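Hello! Please have a look at the model below, and then read my notes beside it.

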Amino acid sequence: MASEQGMSGIDTRAMVSELNGKLPLWIDKVYQFDTRTLAIRLNGENKAKYSLIIEAGRRAHLVRDLPEPPKNPPQFAMLLRKYISGGKVLGIRQHGLERVLIFDIGKGNQIYHLIIELFDEGNVILSDEQYMIIKPLWHHRFRDREVIPGVL
């Protein structure tokens, strides 16, 4: 169950199921409100519109209304707009019961993966079709992995 610490693996599974029930979806616009909070406007069939709010490390869920976005979007939001705005959501999945959402997005002849981590410090990572990191929200270096551009 969701708590102050964030969503559980079961909550994440429910979110994946809810979003998959709305497919097909297209990415409209990406917003960034602060260092950890993003939102994605999604368009569905029959002019349906959805707003997904993401707080890295804590939560991701649909909301009715988004907060007022900043007048000057941060660099990460602009990068996501460049790569995935107008793209079609090909699938939304979760690996096992991990607190990770993975959006597979097709744009032109490219496929991108938007990986949303809902655990601990969390992150939002844009990668290419081979999962090579294009840009993470936060750069991290761990003992056993690096979350920096150009790393698989």
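Here are some numbered points on the fold, the core and the surface.

1. Before you start, note that this is a predicted model, where local features need pLDDT of at least 70, side-chain atom pairs count only at pLDDT 80 or more, and totals for chains, interfaces and linings use all residues. Residues are numbered from 1 along each chain as its sequence is written, and side-chain values use heavy atoms, leaving out hydrogens and water.

2. The chain has two helices and eleven strands, taken as DSSP runs (H or I of at least four residues for helices, E of at least two for strands). In sequence order the pattern reads α-β-β-β-β-α-β-β-β-β-β-β-β.

3. Along its principal axes, the C-alpha trace spans about 50 × 35 × 30 Å.

4. Of the 152 residues, 45% are buried, meaning under 20% relative accessible area with a 1.4 Å probe, counting protein chains only.

5. Which residues have the most contacts inside the largest nonpolar core? They are Ile84, Phe103, Leu114 and Val124, in a core of 30 residues. Such a core joins buried Ala, Val, Leu, Ile, Met, Phe, Trp, Tyr and Cys residues through side-chain atoms within 4.5 Å. A second, separate core of six residues includes Val100, Ile102, Ile133 and Val147.

6. Take a closer look at Leu114. Beyond its neighbours within four places in sequence, the contacts of Leu114 (heavy atoms within 4.5 Å) include Ile40, Leu80, Ile84, Phe103 and Val124.

7. In soluble globular proteins, nonpolar side chains tend to be buried together. Even so, carbon and sulfur atoms hold 51% of the chain's accessible surface of about 8500 Å², computed by the Shrake-Rupley method with a 1.4 Å probe.

Definitions and conventions: Buried < 20%, exposed > 50% of the residue type's maximum accessible area, 1.4 Å probe, protein only.
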